[in-house]
Amino acid sequence: MAWPWSTAMHLFPALALLAAASSPSAAIYVPIREYSGNTFFDTWDFWGNIDNTTWGNVTYLNKTTAMTQRLAYVDDDNGHAIIRVDNTTNIPSAPVVNRPSVRITSQDAYGAGDLVIIDVAHVPTGCSVWPSFWTLGVGKEWPHAGEIDIIEGINLQTSNQMAMHSDPGCMQAPQPGQTGLTLNTDCGSADGRGCIVGETKHNSFGAGFNKAGGGVFATQLDVSGVYIWFWGRADIPEQITTATSTSNINVTAFGLPSAAYPVSGCNYTQFFGPQQLVILTTLCGVWAGVPNTYAQTCPGTCISNVIGSGSPAYDEAYWDIAYIRTYFAQDQASLSSSSSSPSAAAAAMSATGNTSPTSASEASSASIASTAPTTENSTGTQGNGALRVGKTLLLQGLLTIISVFSLLTGLF
């Protein structure tokens, strides 16, 4: 089919991206941002509300209160970020009880062509404890912009669970090329479970993970799909252990991922928008607190842990994070119209958005407009972030045009 010249001119930028989108996943990634040390919390928003998404028995504190109560702070000795559940407040028995905790959302968002690496020394663990590190699509009611669960588990679980959540139509393809065990293939399942992959490597979660010194997780967001890797402390690739905040990363050395969601089963740019990073720990709720689920690894009742002094029940309920580093694909950075430098191109693809509720088991009725609490923003970057969101959405729109153009040219 011959395209009118005017249409071809409008599609020219998309055609330039088509060549990159049709090629294999980018190998070299250049740095966008490092969250670490004394500035770790500078570009995160604190939830500052009850858990109104998974209905856990916690109240997420605002930034000032969380830092004053030492539930979010940077360790003076090693510079790691500590994010913990309160274990000092005596909570009396009552019809509804909530213990202080923390949920934070990154002011930047990331999309196709980005890579996220997190080095975790300790994950929250214990009966009733439900920690997660995940991404949330911005600008739409959950799950219309997607969700990716990178680190998640409950109670005394010993293996990490990864998942994606989306609108109906996104599936994990058969034989995706991964080391993990697929537990559910439908990312848009009506029950909200998502397409789940269980980690098969030892010490990927819980007390075993912490005793082994933690590990590193990497997540690649790409037009070819979504891929998640895990390495225990002793098996982290040398290019990661020797990397600094300015080092490039070559994903071809990563080997098979723990979880793979290739484009043959789910078109990432169709089902997923720009993704913000989220770190939280809730208690009980619609997964960890379900009686039959709770009883699989823990005695008594879930709520009995929340009531009382909080110690020793929540002495191990904390995140210890060495850093989070984000990257942008080098070949796509060279196509950016905003600048020829990788760092500027990466900045143009990152975005700031408002926090909004969701989780691995969140009810699909959760609404950004009706449930998102007020947040604190001490950095004053929301205005620039809105521009970055627009650029990210524009480029993701171009990738959608690419998919349609490719389909139409195949038909005609």
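The accessible surface of this chain comes to about 16300 Å², and 57% of that area belongs to carbon and sulfur atoms; accessible areas come from the Shrake-Rupley method with a 1.4 Å probe, and for residues only the protein chains shown count as cover. Please note that this is a predicted model, in which local features need pLDDT of at least 70 and side-chain atom pairs count only at pLDDT 80 or more, whereas totals for chains, interfaces and linings use all residues. Residues are numbered from 1 along each chain as its sequence is written, and side-chain values use heavy atoms, with hydrogens and water left out.

The chain has 412 residues, of which 56% are buried, meaning under 20% relative accessible area, with exposed over 50% and partly exposed in between (1.4 Å probe, protein chains only). It holds 12 helices and 20 strands; these are DSSP runs, helices being H or I of at least four residues and strands E of at least two, numbered from the N terminus. Of the contacts (heavy atoms within 4.5 Å) between residues at least 6 apart in sequence, 76% join residues at least 24 apart.

The largest nonpolar core has 49 residues, and Phe40, Phe133, Ile151, Met164, Ile279 and Ile324 touch the most other members. Such a core is a set of buried Ala, Val, Leu, Ile, Met, Phe, Trp, Tyr and Cys residues joined through side-chain atoms within 4.5 Å. Beyond four places in sequence, the contacts of Ile279 include Phe40, Trp44, Phe133, Trp319 and Ile324. A second, separate core of 21 residues includes Trp47, Leu136, Cys284 and Cys298.

Is Ser128 buried or exposed? Ser128 counts as buried because its relative accessibility is 0%. This serine lies in the loop between β9 (114-122) and β10 (129-137), and among the residues it touches more than four places away in sequence are Asn155, Cys284, Ala288, Cys302 and Tyr314.

Strands β3, β4 and β7 form an open sheet in the order β3-β4-β7, with mixed pairing; two strands pair if DSSP finds at least two bridges between them. β3 (49-50) and β7 (99-101) stand at the edges with a single partner strand each, so one side of each lacks a neighbour in the sheet. β3 and β4 (residues 58-60) run antiparallel and are joined by two bridges; Ile50 has Thr59 as its bridge partner in β4.
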